[in-house]
Amino acid sequence: MNEKQLTSDARGHQLTNINVWTPDSQWLVYDVRPHGGSFTGSTIERVNVKTGETEVLYRAGENAHVGVVTVSPDQPARYAFIHGPENPYDSWQYDFHHRRGVIVSEPQRAQAVTLDAMDITAPFTPGALRGGTHVHVFSPDGSCLSFTYNDHVLHELNPALDLRNVGVALSAHPVTPPKHHPREYAGSHFSVLVSETTVTPQPGSDDINRAYEEGWIGQKGYLKPDGNRQRRALAFIGDTLSASGEKHPEIFVVDLPQDDADYLKAGEKPLQGTPDTLPAPPAGVKQRRITFTEKGIAAQPRHWLRSSPDGSQIAFLMKDEKDVVQFWTVSPNGGKPVQISHSSSGIQSAFSWSPDGKAVTLVCDNSLMRLDVESGEMHRLTVRTDIAPCADAVVYSPDGSQIAFMRQVGEFAQIFVTASR
C-alpha cells in the first residue's frame with residue numbers, strides 16, 4: 001500500500017478526471033489553484049512521476065485564468081485546457097459562458113491555439129460557438145474532442161435559456177467568423193453541439209434540460225445489436241423530469257458520424273443557432289435514452305460516465321435499494337443496469353477503467369480501491385485515512401501500472417500516485 005506524494009508546494013493542484021497522463025505514463029498534467037478551489041490559476045504544469053520534476057507547460061497573460069487540462073492519447077503530446085478571457089472586466093469575465101478551449105502542443109508549448117471559434121454577432125457562423133466550453137477530452141484516436149457548453153447569446157437574452165449541452169470539436173476544419181465584436185475569435189476546430197435540451201421538459205418523457213459529464217464510448221466505439229460497429233459515440237448524463245416532476249438524471253447516448261464531412265451538414269435546425277435558439281446537432285445525430293431508473297443515477301459524488309475500453313459497458317454511480325451509492329454498468333445498446341459493487345459504505349469518488357477493462361479504481365471507505373468488474377470484489381490500494389482522498393479524479397496510467405489521485409494536505413490538494421496492484 002505504498003503511495004507517493006509528488007507535489008508539496010503551498011498551492012492547490014487539480015487533476016482532471018481523465019487523460020491526465022502523458023501517453024508514456026511518465027508525466028501527470030494539472031492546473032494550479034492558488035486559493036484552494038477557486039479557478040484563479042495562470043499556469044498549466046506537469047510533474048514527472050519518477051523524479052518529481054515539475055515543468056510549466058503554459059503561462060497565461062493579461063489576467064486570464066487557465067485550468068482543467070487533459071492530454072491527447074497520441075504522440076507528440078497535445079494538451080487541451082480551459083482558457084478564460086484576457087483583460088476581463090465586470091461584464092466579461094470568467095464564467096461558464098465566457099471561456100474557450102485551447103491546445104498547446106509539443107514541442108512548441110508557448111503558443112496556445114484556440115480550439116472553438118466564438119461568434120456572438122448574428123448572423124452566426126456554422127462551426128463557431130456563441131459561448132464557453134469546458135473539460136475538453138480527446139477521443140480515443142485523438143481526432144476530435146468532446147466538451148460541455150454554455151451559451152453567451154441566450155444567457156444575455158435570459159439566463160434560464162442558457163442550458164448546458166455537450167459538443168464535439170473536429171480538427172482539420174478551422175473556422176474564422178467575421179469578428180464584429182472584440183470578444184469574437186477564430187478556432188482551429190469545427191465545433192458543433194450533439195445534445196438537445198429544452199427549457200421545459202415534459203414530465204415522464206425523454207426530454208432533458210441539461211446534458212453533462214460526457215464520455216467517449218470504447219477505444220474503437222461499440223458493437224450494435226446487428227453486429228455493426230459504431231465507431232464514434234458519446235454517453236452523457238441528461239436531467240429528465242419524472243412523471244411527478246422530480247429531476248431524474250439518466251444516461252443518454254449519441255451515435256456520431258464517422259465521416260467528418262457529415263458534421264458540417266445541418267439538420268432541421270441551423271448548426272450555428274439563431275438569436276433565440278441554441279446551436280443544433282448535425283443531420284442524423286439523435287440522442288437516445290439508455291436508462292429508466294426509479295430515482296435517477298447519483299448526483300453525488302460528482303462523476304463522469306466512463307466506458308469500458310471495448311465499449312460494451314457504460315459505468316456510472318447509483319444508489320442501491322439501501323440508498324448506498326454503488327458502481328453500476330449498462331450497455332450502450334440499453335437494457336437493465338447491472339450492479340457491480342456491494343459496498344456497505346458507498347462509493348465516494350469519480351472513477352476510471354484499467355486499460356485492460358478488468359477493473360476500475362475509485363475511492364471507497366476512505367481508501368483508494370481497485371474494483372474487479374467481473375467479481376465485484378474490492379481491493380484496498382491505500383491505507384484507510386480519516387480524510388478520504390479527493391473525489392474529483394482517480395485515474396489509471398495508460399500502461400495500467402499506476403493510479404493518480406489527490407489528497408488534501410493541510411490547506412491544499414496535492415498529487416499522489418500508487419501502484420495499481
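This tour visits aromatic ring pairs and charges over rings in a predicted model.

Residues are numbered from 1 along each chain as its sequence is written. Because the model is predicted, local features need pLDDT of at least 70 and side-chain atom pairs count only at pLDDT 80 or more, while totals for chains, interfaces and linings use all residues; side-chain values use heavy atoms, with hydrogens and water left out.

A search of the whole structure finds six aromatic pairs. Rings of Phe, Tyr and Trp (its six-membered ring) pair if their centres lie within 6.5 Å; planes under 30 degrees apart count as stacked, over 60 as edge-to-face and the rest as tilted.

Select Phe236 and Phe252. Their ring centres are 6.0 Å apart and their planes at 10°, so this pair is stacked. Phe236 is in strand E17 (residues 232-241) and Phe252 in strand E18 (residues 247-256), 16 residues apart. Strands (E, at least two residues) are DSSP runs, numbered from the N terminus. Phe236 is buried at 0% relative accessibility, and Phe252 is buried at 1% (buried means under 20% relative accessible area, 1.4 Å probe, protein chains only).

Next, select Phe405 and Phe416. With centres 5.7 Å apart and planes at 25°, these rings are also stacked. Phe405 lies in strand E29 (residues 402-409) and Phe416 in strand E30 (residues 412-419). Phe405 has 0% relative accessible area; Phe416, at 6%, counts as buried.

Move to Phe327, Phe351 and Trp353, which ring pairs link into a cluster.

Finish with the charges. Select Arg130: its charged end sits over the ring of Phe124, 4.6 Å from the centre. Then select Arg100, which lies over the face of Tyr185 at 5.4 Å from the ring centre. A charge sits over a ring if NZ of Lys or CZ of Arg is within 6 Å of the ring centre and within 35 degrees of the ring normal.

Key: Helix = DSSP H or I, 4+ residues; strand = E, 2+ residues; numbered from the N terminus. Buried < 20%, exposed > 50% of the residue type's maximum accessible area, 1.4 Å probe, protein only.
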